[in-house]
Amino acid sequence: RWSAILVAIAGLMGAAGVGLAAWAAHRAGGEMATTAAYFLLFHAGPVAAIALMSERPTTLIAASALAIGGILFSGDLALLAIAGFKPVPYAAPAGGLLMIAGWLGLAGFGVGAAAQKISN
């Protein structure tokens, strides 16, 4: 039961970290919010990895959303910074939304697993 709760917490930490980082990026003086976002994100992955240690389909879907979202988001920013162009319109916001969805999917898995264990 505790591992499922940790997964839910990790998912919420990740979603909040991505959302907070996006907010900070669009605000003057957002350095403190950026630092907070980094700390959420730096800890969410290890918490999820430690708690999960399984290959359930729902966790794989969430992990896939995180990976694809990260590639879209980071790839778009990197190409813009390095080459000065954006080959895929709205890739960064789509990637960000996909990462948030992946983290929330991870949280949903944790909540569902915890509820199932409580009912058993």
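View 1. Four residues, about one turn of the helix, separate Tyr-38 from Phe-42 within helix α2 (residues 31-52). The model is a predicted one. An α-helix has 3.6 residues a turn, so residues three or four places apart point the same way. The count of aromatic pairs comes to one. Tyr-38 and Phe-42 form that pair, which is stacked, with 5.8 Å centre to centre and 20° between the planes. The pair counts as stacked because planes under 30 degrees apart are classed that way. Tyr-38 is partly exposed, at a relative accessible area of 43%, and Phe-42 is exposed, at 56%.

**View 2. Buried alanines of α2 and what covers them.** Ala-33, Ala-37, Ala-44, Ala-48 and Ala-51 are buried in α2. The cover over the buried residues of α2 includes α1 (2-25) and α4 (91-119).

**View 3. The length of α2 and the residue after it.** Met-53 follows α2 and has a positive phi, near 45°.

**View 4. The crossing of α1 and α2.** Two packed helices are described by the angle between their axes and the distance between the axes. For α1 and α2, the axes come within 7 Å and cross at roughly 155°. That angle makes α1 roughly antiparallel to α2, since angles over 145 degrees count as roughly antiparallel. The crossing in which α1 passes α2 is left-handed.

Conventions. Residues are numbered from 1 along each chain as its sequence is written. This is a predicted model: local features need pLDDT of at least 70, side-chain atom pairs count only at pLDDT 80 or more; totals for chains, interfaces and linings use all residues. Side-chain values use heavy atoms; hydrogens and water are left out. Rings of Phe, Tyr and Trp (its six-membered ring) pair if their centres lie within 6.5 Å; planes under 30 degrees apart count as stacked, over 60 as edge-to-face and the rest as tilted. Helices (H or I, at least four residues) and strands (E, at least two) are DSSP runs, numbered from the N terminus. Buried means under 20% relative accessible area, exposed over 50%, partly exposed in between (1.4 Å probe, protein chains only). Contact means heavy atoms within 4.5 Å. Axes are lines fitted to C-alpha atoms, for helices over the stretch in contact, and angles run from 0 to 180 degrees between N-to-C directions. Angles under 35 degrees count as roughly parallel, over 145 as roughly antiparallel, 65 to 115 as roughly perpendicular and the rest as oblique. A crossing is left-handed if the near helix is turned anticlockwise from the far one by less than a right angle, and right-handed if clockwise.
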